[in-house]
Amino acid sequence: MKKKRPMSKTEKPTLPPVDLLDSQTLQLHLASILASVPDGMVVIDESGKIMAFSRAAENLFGFTVEEVIGKPVNLLMAGRDKVNHDNYIGNYLRTGERQIIGKGRVVIASRADGTQFPIDLKIGEARIGDRYLFTAFIRDLTEQQRAELRMQEMQSELVHFSRLSAVGTMASALAHELNQPLTAVANYLEASRDLLDSPDPETREILREALTEAARQAVRAGEIVRKLRSYVSRGEVDARPLTLGPLLADAIALSKLSRDLADIPIKLDLDEGADNVLGDPIQIQQVVINLIRNAMDALTNTQDARINISVYAAEEPGYVAIEVCDNGPGLTAELRENIFKPFSTTKSQGMGLGLSICQTIVEAHGGVIRANSPPEGGTCFRFTLRKDAGKSGS
């Protein structure tokens, strides 16, 4: 009898062929996964029909397995995703372009009773011969978004209180500083009025001196206001090295909180060579959130609405450009001229300060912000930030 050759240290043990696992074993294994996986799990074929539905998905959506097997998966979707889902799969099978497959995103889903709720959706693919299967892993974000929204509200209330306190302190200081020159102006002008009744040369000389002093005090009051305005507009920027990818992902998620238009798809195109900048993360994120929400508002009545965010090396040496574009109605020439001016707005409930604040933040970072309407339509806001020169490839 021939002895079995011992395995060398460099050889790896081989696994039994897959065909040794019979179909019954595979089915039992799949049933075990569907019964125990903690997140909702839905398997669909390339035509969008539901092939498998986990127990967690039943609890999440309120459908039984029997009610959904063989049905189109858009049964579980709401808003634009319900309409566009088949297009996403068809486009992927034709072009290989991944719009949702292999990427996590926040979408709006629909339960059996019609109620809508936000979910975190991740989709994987598997090719079996000439066929494709897609597996969706679904996590309910309702409680998470409610907690995040409450936290944001608390932070907003705290910031609002801090601003009110700062405004009160500033107003008190401004009143104190302006009181003296304005009181002097009033006194000099009252004295000048009384001197007008005595037209002799000596009185005219006193009158001239009084008016000169009144003018000097008025200039002093203006100088106090100018210095205060310069101090407020200059602000302080806590510039530090930033990685834009995570910051922009968070900004996209935050911009969708408690929004009626949260199902508008937002595509992020990030040049890895332009991912590192210098800036204050909170301020930069606030600019991006403001631009995204403005774009959402502009897309209220737009079919096939979409928002694209691009990050690339700017033409200006040493700078990175961030662009937020929508396919909405665009800007009129008049609005384009005044869009960054305070109190300039097209919103019935808006104050027109958001873009003015964005401009102040960007310019404090040493960048510029511009708005334009591309030939193909819509609106693009582009702003620049300084590159982090300490990172390779920047």
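Predicted model: local features only at pLDDT ≥ 70, side-chain atom pairs only at ≥ 80, totals over all residues.
1. Basis. Local features need pLDDT of at least 70, side-chain atom pairs count only at pLDDT 80 or more, and totals for chains, interfaces and linings use all residues. Residues are numbered from 1 along each chain as its sequence is written, and side-chain values use heavy atoms, with hydrogens and water left out.

2. Disulfide. The structure holds 1 disulfide (a pair of cysteine sulfur atoms within 2.5 Å). The partners are Cys325 and Cys380, with sulfur atoms 2.0 Å apart. Their link is right-handed, with 115° about the S-S bond. Cys325 lies in strand β10 (residues 319–326) and Cys380 in strand β12, so the pair ties together parts 55 residues apart in sequence. Strands here are DSSP runs of E, at least two residues, and helices are runs of H or I, at least four, numbered from the N terminus. Both cysteines are buried, meaning under 20% relative accessible area with a 1.4 Å probe, protein chains only.

3. Helix α10. In α10 (residues 354–364) the buried residues are Leu355, Ser356, Cys358, Ile361 and Val362. Cys358 has a relative accessible area of 2%. The cover over these buried residues includes α8 (281–298), β11 (369–372) and β12 (379–386). Gly366, with a positive phi near 85°, follows α10.

4. Cores. A nonpolar core is a set of buried Ala, Val, Leu, Ile, Met, Phe, Trp, Tyr and Cys residues joined through side-chain atoms within 4.5 Å. The largest has 39 residues, of which Ile292, Ile307, Ile309, Ile322, Ile339 and Phe383 touch the most other members. Its largest share, 8 residues, comes from α8. Another core, of 22 residues, lies apart from it and includes Phe63, Val68, Val73 and Ile119.

Methods:
Buried < 20%, exposed > 50% of the residue type's maximum accessible area, 1.4 Å probe, protein only. Contact = heavy atoms within 4.5 Å.
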